[in-house]
Amino acid sequence: MSESRRNWRRRAVRLGAALMIGVGAWLTGAALWMPAKAALGRLLLDRTFEARRVAPAAAQADPARWRPWPSADLSPIGRLRFPRLGESRIVLDSASGEALAWGVGHLRGSASIGAPGLTAAAGHRDGGFALLEHVKLGDVIEATPLNGETIRYRVTRRIVVDSRITTLPIRHSGPDELVLATCWPIEALASGPERLLIYASRQ
Amino acid sequence: MIGRRIRTALRRSAAPLVSLSLLAGAIIAPPSAAQAQTPARAADASKLAAEGLVTLEQVNHGALLLKTDKFGWYVPAPALDTSIKADVSGPIARIVVTQKFRNVAKVFVEGKYVFPMPEGAAVDTLKMRVGDRWIEGKIEERKEAKKIYEEAKAEGKVASLVEQERPNMFTTSVANIAPGAVVVVQIEYQETLAPREGAFGLRLPLVVAPRYSPKPTPVQLVKFGPEGWYEAKADPVPDRERITPPVVDPRSEEKGTLRNPVDIVVDIEAGFPLGRIKSLYHGGQVKIEPRGVKAARVTLTGPIKADRDFFLSWRPAKFSDPYAAAFTEERDGESHYVAMLTPPDAAAIGDTRRPREVIFVQDVSGSMGGESITQARAGLEMALKRLSPDDTFNIIIFNDKFAVFEENPVPATPENIARAVESVRALQATGGTEMLPALEVALKDASGAADGRVRQVVFLTDGAVGNERQMLKLISKELGRNRLFTVGIGSAPNSYFMTAAARAGRGAHVFIGDLKEVRERMETLFTKIETPAVVDMTITALKDGRPVANAQISPTPAPDLYAGDPVVATVRLPAGVEADTLRFTGLRGDAKWEMELPLSDARKRPGVSKLWARETIRDLEALRLSPDVTAKDQEKIDADILKTALDFGIVSRLTSLVAVDVKRTRPADEKAVRKDVPLNLPAGWDPEIFFESKEAPVEAGEDAPALLQKTALTRLTAAAKAREAARAAKAAAKAKGLAIPDTGADWMLRGLAGLALLLFGLVLWRVTRRSSAA
């Protein structure tokens, strides 16, 4: 085999290797950015929520004033506390993909925290809501809205549903319930259609 | 050289580079994963909006939305208004149902509405109004009608199609309704209203209750026949998709929402001085205006929600016993008659009570949840207390499993009754509806005829199943000496199944629609069960006292006649043949029973021939399900049904009405979206049970099995119908609600893939470098 051809081939392989290194590094970085975002988000959101909660009513009402960071188009509207697990999560005003990357999102259309009816929130199984795996029947969940008393719920049901065929009822009256949703199984590598739903009733 | 320096660093250790690249990645990486899950990005949004989809935020309260495959986007379903005008003249009613489809979406829509019909209705007319044009529909063989409709749909013309899914369940499809436009579909039918227990009744069913359709058996039979090998697919409900329209979750609606509002006007020309007129389930919402002594008009004070049957009953001021009436129509030289009579009160017949073995079969499936199960419990308790100590009894309960009270029927001693009543009071309703195995066990007659008892099966259910035929087949095959009595429960019972099952089971049926009715209706049932029925009835047409040949009489075979039941017979006489009398003979107890009705003074009435056709088709359909009918016989029967339906212009399983506009409405470059009109959950149904998936609990199974534990019933067998069936039914019955978002960032998967790629690249880089050095 001629020297030049071998040389050419070696270069091609090296170029491929360099590309792989680049893409691999980018992917890994992007992936690690997710938990970093979740951790960072928790910190910033916690701070913003606390500040907003104690702010005067007029200032509190304007969501634009309560961006956790300048470019954010989401704002915290409540907090969930899991006393037995010693954990708490800030609830954002949207459950879009962008919002869920930062924290737990309230499903628009369901009752607001503290309002009568069914309140629903969703979070990533490999992010904000990984802890749902450890929530048991009978556990207490406390929800604090922006303004108003903290509400105590007790977990009544844990079910797994197929999200392709199941929807949550839109209900703004009747018994006050909280539904928390995340992907199931929690430890899966890739997401499937199954969702874990935790139902809790107001005490 | 920088390259060389990096290379050196790389050779020393991979770790620093990994961390470096991570840092770089962290800085440049956009949150791409998160964005991909956003319901609709700006670019998509305008496209979706152009397709007529809307998001939750864009919709006012009370609008009807249907989920699409695009997460978070919905298309509004056509809104539907129904008005019903019934003209009752004596015991015959002519009813016009007007369905107004209004397209509230911004795109062309094809609407489909599944609606109920009385099971004896002869549907003969379809008219469609587009703008200010009325278009007459025509009767066609079902396949042909479907083809005509599909062609018109493709050509962009407004078209409507009325099909029979079950004798009491029809669908209207309307193609190419323009955005904002209204298409009116008018359907007319005729029905006989024979008096029962001294009262005339008009039942206008307004909603199809969601049906449970059992899954096909997983076993695939391979059959060998003259055509070669073929697979016998045993789907008990081959048309499951056609009969499962979406159902609206009442909890998601504003209070007082009138979904699918209905307006009703009934004009009664009784033909006798009217006594009491009563609306059974809408008492507070009707206005009754007398029009002289013999007539009245009944109207609603306002539109009502289509979520339960409307039932109007009226009595003569003084009931003449027996009641008899006959009507006739000439058609193409042939004469048709409809004749009805109520036999004299049977209670006068002496006590011929024999000891009985009664098997109660109680439906405790999810559709019975709410008010229905309360009615059923009360009814069953009354029935149990009514038994005599020399009777024996057993109870079978079923949902997607079944359980029996005792292995074998036990004597109705006070202790046994007390124990049974206690179990019955604890019954809860949940789960699927697998009737077949329960009914099979109920019909199994272990003691045989030897013990001299009468064996009666009392079946309490709402009949919300899609496999009616499979059930009817089983009943006619396994009946033996059993007699099957059906008690239809709830606000929208499947009346076709109730009546057809009682007929196939040679028993009788009653309906309970309200808790207040339980006592009265169960009393009626007991009277039927305890008084000897007229059996082996034959109906003969006579001329001058001699039987007329060639008279086609329906029903054939005549059903057994129970106390309070009317006899309705339809007769067709070929041209040139005459008859003056209809004679009914049979046996009641051991005595001969005979009644005659003169035909000579029958009044002329248009539409009588259609009633004959409808009754004949009913007989043929029943015959088709009897056990000894071969595939070839079935073909012949189908041909008869088709011919009768086409000749008389009525809708049947094999014929449909279709109407097509002459003009094109939808431009060729616009698309149409297909949308089913969502139905109301029948009144009294428990949405918690119906909508909320209680399947696959991760912890604590307080579900179906508990049904059996909670009651004191001994468990015999659990039908091995998998969770699958129930889950599929739930899926079919899924309602509008909040979609649960995708909640996995899958960063670990991405990270692992990235790391693998990175490491592989590094190894490759190193290997090629070494070879270059060599």
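Visitor: What pLDDT does chain A average, and how many of the residues score at least 70?

Guide: Chain A averages a pLDDT of 84, and 98% of the residues score at least 70. pLDDT is the predictor's confidence in each residue, on a scale from 0 to 100. This is a predicted model, where local features need pLDDT of at least 70, side-chain atom pairs need 80 or more, and totals for chains, interfaces and linings use all residues. Residues are numbered from 1 along each chain as written, chains are lettered from A and ligands numbered from 1 in written order, and side-chain values use heavy atoms without hydrogens or water.

Visitor: What makes up the two chains in terms of helices and strands?

Guide: Chain A has 3 helices and 9 strands, running α-α-β-β-α-β-β-β-β-β-β-β from the N terminus. Chain B has 17 helices and 40 strands. Both kinds of element are DSSP runs numbered from the N terminus: helices are H or I with at least four residues, strands E with at least two.

Visitor: Why is Tyr113(B) called buried?

Guide: Buried means under 20% relative accessible area, exposed over 50%, and partly exposed in between, with a 1.4 Å probe and protein chains only. Tyr113(B) has 4%, so it counts as buried. Phe115(B), at 3%, is therefore buried as well. Of the 774 residues of chain B, 56% count as buried; for the 203 residues of chain A, the share is 53%.

Visitor: Why is the aromatic pair of Tyr113(B) and Phe115(B) called stacked?

Guide: Rings of Phe, Tyr and Trp (its six-membered ring) pair if their centres lie within 6.5 Å; planes under 30 degrees apart count as stacked, over 60 as edge-to-face and the rest as tilted. The centres of Tyr113(B) and Phe115(B) are 5.8 Å apart with 15° between the planes, so the pair is stacked. Ring pairs also link Tyr113(B), Phe115(B) and Phe170(B) into a cluster. Over all chains, the structure holds 9 aromatic pairs.

Visitor: What makes Arg157(A) a charge over a ring?

Guide: The rule asks for NZ of Lys or CZ of Arg within 6 Å of the ring centre and within 35 degrees of the ring normal. The charged end of Arg157(A) sits over the ring of Tyr199(A), 4.3 Å from its centre. In chain B, Arg203(B) sits likewise over Phe511(B), 4.4 Å from the ring centre.

Visitor: Asp565(B) lies in a loop, so is it buried or exposed?

Guide: Asp565(B) is in the loop between strand S33 (552–554) and strand S34 (567–573) of chain B. Its relative accessible area is 9%, so it is buried. Leaving aside neighbours within four places in sequence, Asp565(B) is in contact (heavy atoms within 4.5 Å) with residues including Arg196(B), Thr342(B) and Lys528(B).
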